[in-house]
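Here are some notes to read beside the model.

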Amino acid sequence: MAAVLACGPRSLGPERIFPGDGTVIFSLGDAFYHARRAFVSFEQFPRVLLFDPYLNFPQGAFVPWPPLYDLALGGMARLFGSTQSAFERVAAWAPVALGVLTLAPVYAAGRLVASRAAGVGAALLFAVLPATVLYSNVGNADHHAAQAFLGASVLALSLRAVSEEPRPRASVGWTFAVLAVFRAALLLTWPGSLVYLALTEGCLVAAGVLAGRREILVGEAWSAAASAVLVLPAVVSFVLLVGVLGYVVWAGAPALAGGAYGSVYELRQFAASFLKEYWLHFELTSVLLVVAVVAAVAVIQVHRGRRD
């Protein structure tokens with residue numbers, strides 16, 4: 001029932017998205033660019049745009065979003081066809097599907113906090129809440145629906161990890177393993193996920209310390225380290241890209257001394273653009289975050305071990 005209730009309002013107004021002439025008109029704003037970036041991955045999978053020559057044309061610019069959502073959207077669309085029309089229809093309906101899928105972690109979080117009834121109530125509220133409908137309605141190919149699904153999943157898994165329900169030790173391990181995957185996916189989908197993770201990771205560590213539950217601290221340490229490993233390829237590829245682009249800019253410097261100033265200016269502009277768009281963005285900040293969490297948990301573990 002909740003799935004039908006969620007699907008209904010998110011599917012309203014399809015005539016705006018599908019005018020009937022075979023085209024698809026995405027919602028105004030970032031949805032258009034996500035569709036463009038995902039379409040590049042659709043046509044040239046597994047390629048993903050990190051630097052787009054059409055942004056800030058003709059100089060080009062770094063794409064200000066992490067790559068996972070657009071790469072996954074393009075890859076998923078390939079399962080349903082190989083034409084532009086197939087891609088556009090998948091991209092248009094993907095947010096609706098994500099909105100419905102988010103009901104599961106929302107229900108799980110409510111059940112873990114209170115009861116099954118609370119979980120059902122939370123899922124029903126999410127299904128019809130105007131803000132959630134707005135960001136996951138048909139034609140809105142922005143990343144917000146994916147962000148909500150992954151964020152809710154991280155919350156539900158974190159609550160599951162600290163739950164006092166009787167369960168086998170292996171179940172706790174699997175919870176942290178799945179949490180590592182969803183944490184990495186959230187980092188690679190939305191830069192603002194750092195705010196979510198600062199809260200969930202801090203609460204997980206605090207719960208382990210205050211409750212004296214060693215399994216939470218150990219699980220969090222390994223889970224955070226695993227997330228760092230999963231994020232690492234994106235970081236390495238981005239750093240390599242920056243190196244290549246930096247070399248291209250430097251190699252383009254005119255040999256004559258008179259043109260050196262212009263070359264240095266271009267290199268400075270490139271560095272300023274990089275620092276502004278990415279240095280404090282998701283890649284390096286994400287790695288620093290998970291490393292900090294692992295280090296904090298390791299210190300706590302050592303301290304507890306000495307006391308024991």
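1. Pocket lining. Helix α5 gives the most to the lining of the largest pocket, with six residues. Helices here (H or I, at least four residues) and strands (E, at least two) are DSSP runs, numbered from the N terminus. The elements giving two or more residues to this lining are α4, α5 and α9. A pocket is found on a 1 Å grid over the protein atoms alone: an open set of points where a 1.4 Å probe fits, with protein on both sides within 12 Å along at least five of seven lines. Lining residues have an atom within 4 Å of a point.

2. Basis. This is a predicted model; local features need pLDDT of at least 70, side-chain atom pairs count only at pLDDT 80 or more, and totals for chains, interfaces and linings use all residues. Residues are numbered from 1 along each chain as its sequence is written, and side-chain values use heavy atoms, with hydrogens and water left out.

3. The largest pocket holds about 430 Å³ of space, a volume being the space filled by probe spheres set on the points, which are joined across faces, edges and corners. It has 17 lining residues, and Tyr69, Ala72, Leu73, Met76 and Leu98 are the closest to its centre. What is the lining by class? There are 16 nonpolar residues, one polar and no charged. Ala, Val, Leu, Ile, Met, Phe, Trp, Tyr, Cys and Pro count as nonpolar, Asp, Glu, Lys and Arg as charged, and the others, Gly among them, as polar.

4. Cores. The largest nonpolar core has 41 residues, and Phe26 and Phe87 touch the most other members. Such a core is a set of buried Ala, Val, Leu, Ile, Met, Phe, Trp, Tyr and Cys residues joined through side-chain atoms within 4.5 Å. Elements giving two or more residues to this core are α3, α4 (68–78), α5, α9, α10, α11 (193–211) and α12 (214–251). A second, separate core of eight residues includes Ala6, Leu103, Ala123 and Ala127.

5. Phe87. Not counting residues up to four places away in sequence, Phe87 touches Ala35, Ala38, Phe39, Phe42, Gly74 and Ala77; contact means heavy atoms within 4.5 Å. Ring pairs link Phe87 with Phe39 and Phe42 into a cluster.

6. Aromatic pairs. Rings of Phe, Tyr and Trp (its six-membered ring) pair if their centres lie within 6.5 Å; planes under 30 degrees apart are stacked, over 60 edge-to-face, and the rest tilted. By this rule the count is seven aromatic pairs. Phe39 and Phe87 have ring centres 5.2 Å apart and planes at 55 degrees, so this pair is tilted. The pair links distant parts of the chain, 48 residues apart: Phe39 is in α3 (residues 30–43), Phe87 in α5 (residues 84–101). Both are buried, meaning under 20% relative accessible area, with exposed over 50% and partly exposed in between (1.4 Å probe, protein chains only).

7. An edge-to-face pair. Phe149 and Phe182 pair edge-to-face, at 6.1 Å centre to centre and 65 degrees between the planes. Phe149 lies in α9 (residues 144–162) and Phe182 in α10 (residues 169–187), 33 residues apart. Phe149 is buried at 19% relative accessible area. Phe182 is partly exposed at 21%.

8. Leu155. This residue is in helix α9 and is partly exposed, at 40% relative accessible area.

9. Overall. The chain has 14 helices and two strands. Of its 308 residues, 44% are buried.
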